[in-house]
Amino acid sequence: MAVSLHFLLILTLITGTESAGTISKVSVEAGASVSIPCPYSSQHRNNVKYLCEGYYWNSCSYAIKTNSQHESEKYSISDDQIQRIFNVTIKRLTVKNTDYWCAVEIKSGSDDRQYFHLSVTKGTPSLFVDDQKVTGFIGENMTINCHSRISGIIKWCKLHSTCVADVSGLIDGTTVTINMKETNVFSVTMSGLRPESSGWYYCAKGDFQMPVHLTVTTKPTGK
Ligand SMILES: *[C@@H]1O[C@H](CO)[C@@H](O)[C@H](O)[C@H]1NC(C)=O
Ligand SMILES: *[C@@H]1O[C@H](CO)[C@@H](O)[C@H](O)[C@H]1NC(C)=O
């Protein structure tokens, strides 16, 4: 264990990459919707996934589950068992919608869970993107703008994979370049998209994250 941690540290220092964590704090404007990806481990592919609302795990209440209705007025949930990530969407956010747990039901023991906080703002959020869903074409480049007025370290990460925390680096074989475009905007360019580049990513700055889902397809040919 000590050896492999050491190795990871060295790898981090050399490549400017580090392994991606989970989404823990997201800033959103009141009234808007947000989708949060919840990664899970391969042994839990077929388990029931759910979203629980409340600051304390012991007293949180079910918001939505994969084994019952997948959509309500307020919430929706979908499970991508290939990517091992389930997606929860919370709609019409109010300042009361702040504390949640992504959870996986475990039959023989306590459920796996991961807390996240929504910082619901009356004005411009602390970190946001133009669209949480983007599409790119194989072999081309894709640029995502992340808007932020807060200070802190900038990162671009792929869930279940790695982060680029510097001006450039590699994620799953695709080159990632981060540029400061304006004072409050940084752009992330992924060059030479591959089908494997599809999936959930996030921009991070300071202790905020903003998830973005990228779909990479073949470019439609014109007539
Ligand atoms: C996440 O869930 C929302 C609401 O159901 C849906 O619109 C969106 O397409 C989902 N995103 C992905 C990447 O599956
Ligand atoms: C894509 O990105 C690469 C590397 O950053 C760059 O050399 C290339 O010119 C870009 N291609 C396009 C079409 O913008």
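1. Arg194 is partly exposed, at 32% relative accessibility. Its partner is Glu196: the two side chains meet in a salt bridge, with N and O 3.1 Å apart. Glu196 is partly exposed as well, with a relative accessible area of 43%. Keep in mind that this is a predicted model.

2. How many salt bridges does a search of the whole structure find? The count is eight. The Arg194 and Glu196 pair is one of them. Two others are taken up below. As background, side chains of opposite charge can pair when their charged atoms come close.

3. Asp207 and Lys25 also form a salt bridge through their side chains, at 3.5 Å from N to O. Where do the two residues lie? Asp207 sits in the loop between β18 (199–205) and β19 (208–217), while Lys25 belongs to strand β2 (residues 25–29). The pair therefore ties together parts that are 182 residues apart in sequence.

4. Look at the accessibility of this pair. Asp207 is partly exposed, with a relative accessible area of 46%. Lys25 is partly exposed too, at 23%.

5. Glu105 and Lys65 make a salt bridge, and their closest N and O atoms are 3.2 Å apart. Glu105 is in the loop between β8 (99–104) and β9 (112–121). Lys65 is in strand β5 (residues 61–65). So this pair links parts that are 40 residues apart in sequence.

6. Is Lys65 buried or exposed? Its relative accessibility is 17%, so Lys65 counts as buried, because the cut-off for buried is under 20%.

Technical notes: Residues numbered from 1 in each chain as written. Chains lettered and ligands numbered in written order. Predicted model: local features only at pLDDT ≥ 70, side-chain atom pairs only at ≥ 80, totals over all residues. Heavy atoms only, no water. Salt bridge = Lys/Arg side-chain N within 4 Å of Asp/Glu carboxyl O. Helix = DSSP H or I, 4+ residues; strand = E, 2+ residues; numbered from the N terminus. Buried < 20%, exposed > 50% of the residue type's maximum accessible area, 1.4 Å probe, protein only.
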